[in-house]
Amino acid sequence: MALASSDLGDGTYRNPVLDADWSDPDLLRVGDDFYLTASSFGRAPGLPLLHSRDLVNWTLVGHALQRLEPAREFRKPRHDCGVWAPSLRHHEDRFWIFWGDPDQGIFQVNAPEIRGPWTRPHLVKPGRGLIDACPLWDAETGEAYLVHAWARSRSGIKNRLTGHRMRPDGTGLLDDGKVIVDADRLPGWFTLEGPKLYRHDGWFWIFAPAGGVETGWQGAFRSRDFFGPYEERVVLEQGDTEVNGPHQGGWVRTRQGEDWFAHFQQRGPYGRVVHLQPMRWGTDGWPVLGDDGAPVAVHRKPDLPAQPPSAPAVDDDFPGGRFGRQWQWTANPQDGWATQHSGDGLRLACVRSADADDLRKVANVLTQRLPGSAATVEVQLSLSGEGVGARAGLAVLGDAFSWIGLERQEDGSVRLVHRFAESVATGASPALSAQWGRERDAAHPVEAPDGRARLRIEIGAGARCRFSYDVGGGRQPSGQVFAATPWRWVGALLGLFALAPAGGGHAGAATFTRFRISART
């Protein structure tokens with residue numbers, strides 16, 4: 001099942017069309033089908049692949065990246081690293097995705113079909129601070145190009161776009177690169193990034209955001225020559241709307257000739273939700289996005305055949321112990337974390353870890369995106385772990401976290417526990433970080449005589465979360481309200497986990513069944 005579609009059923013849609021953290025979207029059309037990918041940062045599998053026939057109703061059909069590379073760098077969580085701002089293209093009957101890893105360089109993968117098989121990542125340009133890469137195969141000249149932005153945190157450079165001539169096979173670059181847009185020379189422009197490169201009406205076009213994630217705007221740049229000079233214009237900004245920072249995304253044209261632009265809006269703990277804007281070309285040859293440059297809230301759907309309402313799946317019965325495409329580990333997975341079997345239910349091993357008391361440092365947390373609107377999350381948990389301290393639960397995970405679940409005690413009993421940890425302040429001393437970031441009880445433990453519990457989180461306005469449980473005597477509230485907290489670039493996540501303290505011997509397992517997310521009115 002899925003949460004409600006943004007399709008209003010009367011020929012219109014409501015933004016956002018993807019109401020969760022599908023960060024830095026890019027999209028394209030192949031025939032009558034539209035495909036979208038997004039940043040996945042340090043989670044695996046990465047590079048999600050979504051499909052639509054009308055740009056409003058989307059389903060998740062797979063991932064292009066099964067493991068992050070170099071694999072050794074992602075054995076442990078690196079929540080804000082990894083895959084940044086991918087670009088999705090189709091060239092010579094193959095799908096291509098280019099992205100920048102701020103610590104490694106620019107990678108690409110490609111495949112004959114959207115569902116694969118995808119190649120292993122190929123490093124196109126090594127280096128630190130290289131982000132937001134986008135290729136262009138120019139049908140008019142036969143040349144291939146690449147543009148990318150810079151992360152100042154790694155390179156000391158920002159607010160610039162660098163262009164290269166690229167090998168037509170996408171395996172490497174043909175020059176040392178040239179700065180083709182220096183936004184330090186544009187009054188009022190800062191944090192220029194996220195470029196998407198196109199050819200239209202005899203011009204090279206770069207659609208690129210600026211102004212910062214939460215408050216920025218969408219820019220468009222054009223030049224007769226790829227290496228410039230470029231002229232610029234702001235084509236989408238907040239205006240009098242409630243949509244802060246409407247920017248960074250991609251342009252797509254339907255078979256019928258309509259133009260549309262998908263972009264994100266940063267919404268705090270929910271991450272970056274995706275909006276769809278109408279687009280047209282003005283008499284002066286520049287693109288006009290939204291309602292004369294301001295985001296639309298409700299609009300006529302694209303002129304495309306009607307489709308049944310759909311949204312990416314969230315519910316899961318875990319048939320045969322397998323989990324759905326909506327789930328991602330917080331680092332590269334290892335064998336033995338999840339076990340397939342003949343029945344239903346997700347069976348997770350209670351993995352021993354020295355970091356069992358800090359979910360932010362644990363690789364074997366299975367996550368999915370936090371819904372962008374009020375919702376109720378429920379799952380049934382059974383703990384069969386025999387090791388003392390073996391635990392499993394349902395978490396809201398971010399720079400701060402809170403979880404509710406079951407834990408094996410020294411006397412062999414199982415208790416319902418509810419714990420949390422505060423955010424760790426940037427730049428704090430190790431002592432203060434340990435104090436502020438340590439896991440603490442959010443409520444008094446409760447006996448769970450059958451080793452089972454029904455766990456529940458009610459997510460309200462502002463991603464304020466109320467936890468409750470049922471261990472056989474009816475549903476009971478637990479602890480205080482917890483405000484979900486994002487990482488720097490990643491929205492908060494829902495997570496399932498099974499852990500045990502460091503030590504020897506098998507610690508047992510936990511089984512999750514009937515995971516459900518339902519909208520709250």
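1. Contact means heavy atoms within 4.5 Å. Leaving aside neighbours within four places in sequence, Asp225 is in contact with Phe204 and Tyr230. The structure is a predicted model, in which local features need pLDDT of at least 70 and side-chain atom pairs count only at pLDDT 80 or more, while totals for chains, interfaces and linings use all residues. Residues are numbered from 1 along each chain as its sequence is written, and side-chain values use heavy atoms, with hydrogens and water left out.

2. Where is Asp225 found? Asp225 belongs to the loop between strand 16 (217-223) and strand 17 (231-236). Strands (E, at least two residues) and helices (H or I, at least four) are DSSP runs, numbered from the N terminus. The C-alpha atom of Asp225 is separated by 9.8 Å from that of Trp205, the two residues being 20 residues apart along the chain.

3. Accessibility needs its cut-offs here: buried means under 20% relative accessible area, exposed over 50%, and partly exposed in between, with a 1.4 Å probe and protein chains only. Asp225 has 41% relative accessibility and therefore counts as partly exposed.

4. A salt bridge is a side-chain nitrogen of Lys or Arg within 4 Å of a carboxyl oxygen of Asp or Glu. By this rule the model has 34 salt bridges. One of them joins the side chains of Arg120 and Glu69, at 2.7 Å from N to O. This pair links distant parts of the chain, 51 residues apart: Arg120 is in the loop between strand 8 (105-111) and strand 9 (122-126), and Glu69 is in the loop between strand 5 (59-65) and strand 6 (84-91). Arg120 is exposed, because its relative accessible area is 62%. Glu69 has 23%, so this residue is partly exposed.

5. Are the partners in the salt bridge of Asp358 buried or exposed? The side chains of Asp358 and Arg360 meet at 2.9 Å, N to O. Asp358 counts as buried because its relative accessibility is 12%, and Arg360 is buried with a relative accessible area of 9%.

6. Glu458 and Arg456 also form a salt bridge, with their closest N and O atoms 3.0 Å apart. Glu458 is buried at 17% relative accessible area, and Arg456 is buried at 15%. Elsewhere, salt bridges that share partners join Asp357, Arg391, Glu407, Arg419 and Asp441 into one network.

7. Rings of Phe, Tyr and Trp (its six-membered ring) pair if their centres lie within 6.5 Å; planes under 30 degrees apart count as stacked, over 60 as edge-to-face and the rest as tilted. The count by this rule is 27 aromatic pairs. Trp205 and Phe207 are an edge-to-face pair, 6.4 Å centre to centre with 70° between the planes. Trp205 is buried, at 0% relative accessibility, and Phe207 is buried, at 0% as well. The ring centres of Phe318 and Trp327 are 6.0 Å apart and their planes are at 40°, so this pair is tilted. Both Phe318 and Trp327 are buried.

8. Ring pairs also build a cluster, made of Tyr198, Trp205, Phe207, Trp251, Phe261, Trp281 and Trp286.

9. A charge sits over a ring if NZ of Lys or CZ of Arg is within 6 Å of the ring centre and within 35 degrees of the ring normal. The charged end of Arg78 sits over the ring of Phe74, 5.0 Å from its centre. Arg272 has its charged end over the ring of Phe264, 4.8 Å from the ring centre.
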